Amino acid sequence: PMYFFLCHMSFADVCFSSVTAPQMISGFLVENNTISFAGCTGQLFGLHFFGCTEVFILTAMAYERYVAVCRPLRYPALMSRRLCGRMVGVSWAGGFLPATLQTLPTALLPFCGPNRVAHYFCDVHPLLHLACADTRAEGLAALANSGVISLSCFLILVTSYVVILVSLRGQTLAGWRKALSTCGSHITAVILSLGPSTFVYIRPSGDLSEDRSVALFYTLIAPMLNPFIYTLRNGEVRGAMRKLCRRKVGSGNGK
């Protein structure tokens, strides 16, 4: 089940990065910083669709980690193939609904003023700054949508790991190490993905320069690091990395 969830999260990561990275790279290389209104709207929808889907998959993985650590003997029965399929299906459907509710009101706003987006991708807050209308309702809707989803999922994930740590009381040191090695990669991915996105969407539209800097973490850096983070939990990969590092150190010392 863990690799089943990782497969879907990896696909969501690839799609999530593909929404923003190609446009940014073309802006650097070709100096073509223009995007059509339809492309901007599609980028906004794709960003929130794949982003919310990844958040929901991370939340489903937290339940899988809880069962693996706290209910290991019942793991095959609790994490059945049907349940895993339903959890992933709900995650994808759950990502579609907030993205639609986020994109439609923003796309229907009147844009009759400046057409320069103060960001490297089209997001809700930069587009609200371009609308020539009162956007306070749309800003509150974005806060209640993406902000509440990010914060609530983050709190659920933190609570799940508090429960896991409490259930480990009285365990041996080996049991603690095994549990932490099982959950460590997921905790790291949650902090890198949900921490910056929660900071951006939980507050009203403010300084876009701060949003640009923080958005780099959850749009580019976190999806890039996720394969590395989850690969290092494999003992064989860690052993191969140690051998590679020792070989490099040995060759550097002239051995």
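Modeller: The end C-alpha atoms of residues 148-168 lie 30 Å apart, and this span is 95% helix and 0% strand. Helices (H or I, at least four residues) and strands (E, at least two) are DSSP runs, numbered from the N terminus. This is a predicted model, in which local features need pLDDT of at least 70, side-chain atom pairs count only at pLDDT 80 or more, and totals for chains, interfaces and linings use all residues. Residues are numbered from 1 along each chain as its sequence is written, and side-chain values use heavy atoms, with hydrogens and water left out.

Biologist: How many disulfides does the count come to?

Modeller: A disulfide is a covalent bond between the sulfur atoms of two cysteines. The rule applied here asks for a pair of cysteine sulfur atoms within 2.5 Å, and the count comes to 2 disulfides. In one of them, the sulfur atoms of Cys-40 and Cys-122 are 2.0 Å apart. Cys-40 lies in helix 2 (residues 37-70) and Cys-122 in the loop between helix 4 (81-107) and helix 5 (124-130), so the pair ties together parts that are 82 residues apart in sequence.

Biologist: Are Cys-40 and Cys-122 buried or exposed?

Modeller: Buried means under 20% relative accessible area, exposed over 50%, and partly exposed in between (1.4 Å probe, protein chains only). Both Cys-40 and Cys-122 are buried.

Biologist: Which cysteine forms a disulfide with Cys-112?

Modeller: Cys-112 is bonded to Cys-132, with sulfur atoms 1.9 Å apart. Cys-112 counts as exposed because its relative accessibility is 59%, whereas Cys-132, at 35%, counts as partly exposed.
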